[in-house]
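Me: Hi! I have a protein model to look at, and I would like to learn how to read it step by step. Could you walk me through it?

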Amino acid sequence: MTLFELVIRSMRKNMKQYYLYFFALMMSTTLYFVFAALQNDTSVLAATFGDVQFASLFQASGVLLLAIVAIFMLYASRIFLNRRSREIGLYQLIGLTRNKVSLLLMSENILLGLGALSLGIVVGALMSRLFLLILMKLIGIQGVVSLTFSLSAALQTVYVFAALIGLTLLQMLYHVYRATLLELFNADRQSDHPRQQSQALSAAMGLLGLALIAAGYWLSGKPSGDRLLLQIAIVLSSTILGTYLLFRVTIGWLFDRYRRSKNGQLGLKNSLALAPIMHRLKANANSLTLITVLSAMTLTMVSIAYSLYYSAEKESRAMLPYDFIFENNVQAAGAFHADLEKAGIAFLQNPLEALRLEGVIGNEKAAGSSSLLLLPAERLQQSGVDVVMPQQGEAIWYKGQRKALDEKTDESAFPLTVELEDGLGIQVASSVDRYAMNFSVSGRQLVVPTATLQSIRSQLPLNSDAFVTLDAYRIAEKGDLAAASELYAKHIKAEKSGSDFYVYSQASLRKFGLMIFTAGFLGLIFLIATGSILYFKQMTEAEQEKQSFTILRQLGFGEREIMGGILRKQLFVFAIPLAIGLVHSIFAVKTAAALTLSNIAFPAAVAMAVYTLIYFTFAALTAGYYRRIVGSALFRP
């Protein structure tokens, strides 16, 4: 038998093990090709973003995609090598040299990789148009954009995945040349038997894991200010280390305590569930920690991206309560008013008289005075803006500033005193994390009663620059905003406060649409990788436990009883990492929510629910594989 015939025969024999790996590798190739095609196509760049780093975001996403694919390929390759260790040993026993064995494994891997790479590029070329349409829909761009086959994207994909396949070849060479025959034949019998450590030490390490996770959660909810990156690094380090200790020590210690409380009499189902886990603690701790961290990253990334996209319009409205604003420009406001009437666009015009003064808020004397914009509460309410009516002589500060980035003030610091000129002052009763007037109008926005505003005007010697006339417009029909924005653009060339709601909301929609597009792709590949790793690992354990299933059948246990214990094990393997990852992501999303001006709880919950549903597809595949293994074991002679 020639080497080529041996390679083909071996691939046919192991095809049932490789099919999901082949599918995952093909999907990774497809998604990377799509990323490369979109970032290399100039027509796509011109039609989407001109001033935003569209290509840079796709390049960064491509690097992150490659990182997870590399981890997945190396991890899956190691699992398959361990499963085939006995086969590798038999090849050497019948006279094949290590060079020939290595050539055999490398040929299989190259053929598998070339097949996945070729099919992935073909599928990617066919589906690029679909992905482009999804992107256009997300960012709200109408029209047709052509997308042709990109040779540069195909070559880039070939180079990158050839390098990744090369890494797996080096891994195979290392495994073949390093392992002895005895190690190869005993590879499937190796287990990580738990050491009898001190109960006090185990308890202390277990509590340390929980404490590290709790510390990461606590720190994630604290304002970061200028130390955001350092805080993120500390939170990630604490949470990841705590998660590892949770799987490596805490859960193992709890299982051991449970077993001791039962005097070792666990019963069939608990024995099938707990014994394999406890005898593979180290391997399970590493893999489950990896799965949990990747799940948390994916959930956080997808949830935040979807939440921001879902809340883009609300976020824009919190920044710009009015559709259009003219500041101290009655002539332009009148011309815009006439253009709207001429175009037949229904609208509401709201003139407001405000004051722009210099003043010091609270304990900011060291930083000097800042510009303050005093707005009449009654007029804002009449125009439809949701504002709190302050008491006479008081003000409400509409900051529009994200809580997580605000270290200067908090709710416990109120009331604050605002010092104006000539010793005049007013009390700031509270703050609101949105704007009462469009953010493009300069000055810190303080909403005061009209009587208070008139009192300040009468008590202070004000020059003409202090008086601000604002003409605010709201369009009645949402469908008329685009046309009104075009009319508005003709009158704001010399305006400093020219940002309108339609332009701002469309820019936000494009920005967050791009984020959810990339997050969705990365989330999909993360999900495929994490689910596949768990599936491959459980396939290996199922093969190793097949003889035990046969013995149990001979002792009189039925398939349903055996599957009951297996399902409990799968519940731990799949549900526990997902549950911990969900908790991690909930705290991460909670932290991100402080960076926004709108409530993102509902869209985050939807994203997590969809992820969970897809994730458990792999659990169902694993349970089906175990059922087939158990079924074949029951009927063995």
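Reply: Happy to! Let us begin with a word we will need soon: two residues are in contact if they have heavy atoms within 4.5 Å. Keep in mind that this is a predicted model.

Me: Good to know. Then which residues meet between helix H17 and helix H18?

Reply: On the H17 side they are Leu481, Ala482 and Ser485, and on the H18 side Phe501, Tyr502 and Val503. Sorted by kind, the residues of this contact are 5 nonpolar, 1 polar and no charged. The axes of H17 (residues 481–489) and H18 come within 8 Å, crossing at roughly 115°.

Me: Let me step back to the whole chain. How many helices and strands does the chain have?

Reply: There are 21 helices and 8 strands. The chain has 637 residues, and 50% of them count as buried. Its accessible surface is about 30200 Å², with 61% belonging to carbon and sulfur atoms.

Me: And what share of the contacts with a separation of 6 or more comes from residues 24 or more positions apart?

Reply: For this chain that share is 84%.

Me: Now the rings. How do I read a pair of aromatic rings?

Reply: A ring pair is described by two things, the distance of the centres and the angle of the planes. In this model the count comes to 17 aromatic pairs. One of them is formed by Phe347 and Tyr473, with 5.9 Å from centre to centre and 50° between the planes, and this pair is tilted. It joins distant parts of the chain, as Phe347 belongs to strand E2 (residues 347–361) and Tyr473 to strand E8 (residues 467–475), 126 residues apart.

Me: Is Phe347 buried or exposed? And why does Tyr473 get its label?

Reply: The cut-off to remember is that buried means under 20% relative accessible area. Phe347 has a relative accessible area of 18%, so it counts as buried. Tyr473 is buried too, because its value is 0%.

Me: Which residues do ring pairs link into a cluster?

Reply: The cluster holds Phe324, Phe326, Phe336, Phe347, Tyr473 and Tyr488.

Me: Which residues does Thr622 touch, not counting residues up to four places away in sequence?

Reply: Thr622 touches Tyr535, Gln538, Gln570 and Phe574. Thr622 lies in helix H21 and is buried, with a relative accessible area of 2%. Its C-alpha is 9.7 Å from that of Lys537, a residue 85 positions away in sequence.

Me: And where is Ser585 found?

Reply: Look in helix H20 (residues 559–593). Ser585 counts as buried, with 0% relative accessibility. Beyond its neighbours within four places in sequence, Ser585 is in contact with Ala296, Leu299, Thr300 and Met608.

Me: One last stop: what is the phi of Asn328?

Reply: It is positive, about 50°, although Asn328 is not a glycine. You will find Asn328 in the loop between strand E1 (324–327) and helix H14 (330–343). Asn328 counts as partly exposed because its relative accessibility is 44%.

Methods:
Residues are numbered from 1 along each chain as its sequence is written. This is a predicted model: local features need pLDDT of at least 70, side-chain atom pairs count only at pLDDT 80 or more; totals for chains, interfaces and linings use all residues. Side-chain values use heavy atoms; hydrogens and water are left out. Rings of Phe, Tyr and Trp (its six-membered ring) pair if their centres lie within 6.5 Å; planes under 30 degrees apart count as stacked, over 60 as edge-to-face and the rest as tilted. Helices (H or I, at least four residues) and strands (E, at least two) are DSSP runs, numbered from the N terminus. Buried means under 20% relative accessible area, exposed over 50%, partly exposed in between (1.4 Å probe, protein chains only). Axes are lines fitted to C-alpha atoms, for helices over the stretch in contact, and angles run from 0 to 180 degrees between N-to-C directions. Ala, Val, Leu, Ile, Met, Phe, Trp, Tyr, Cys and Pro count as nonpolar, Asp, Glu, Lys and Arg as charged, and the others, Gly among them, as polar. Accessible areas come from the Shrake-Rupley method with a 1.4 Å probe; for residues, only the protein chains shown count as cover.
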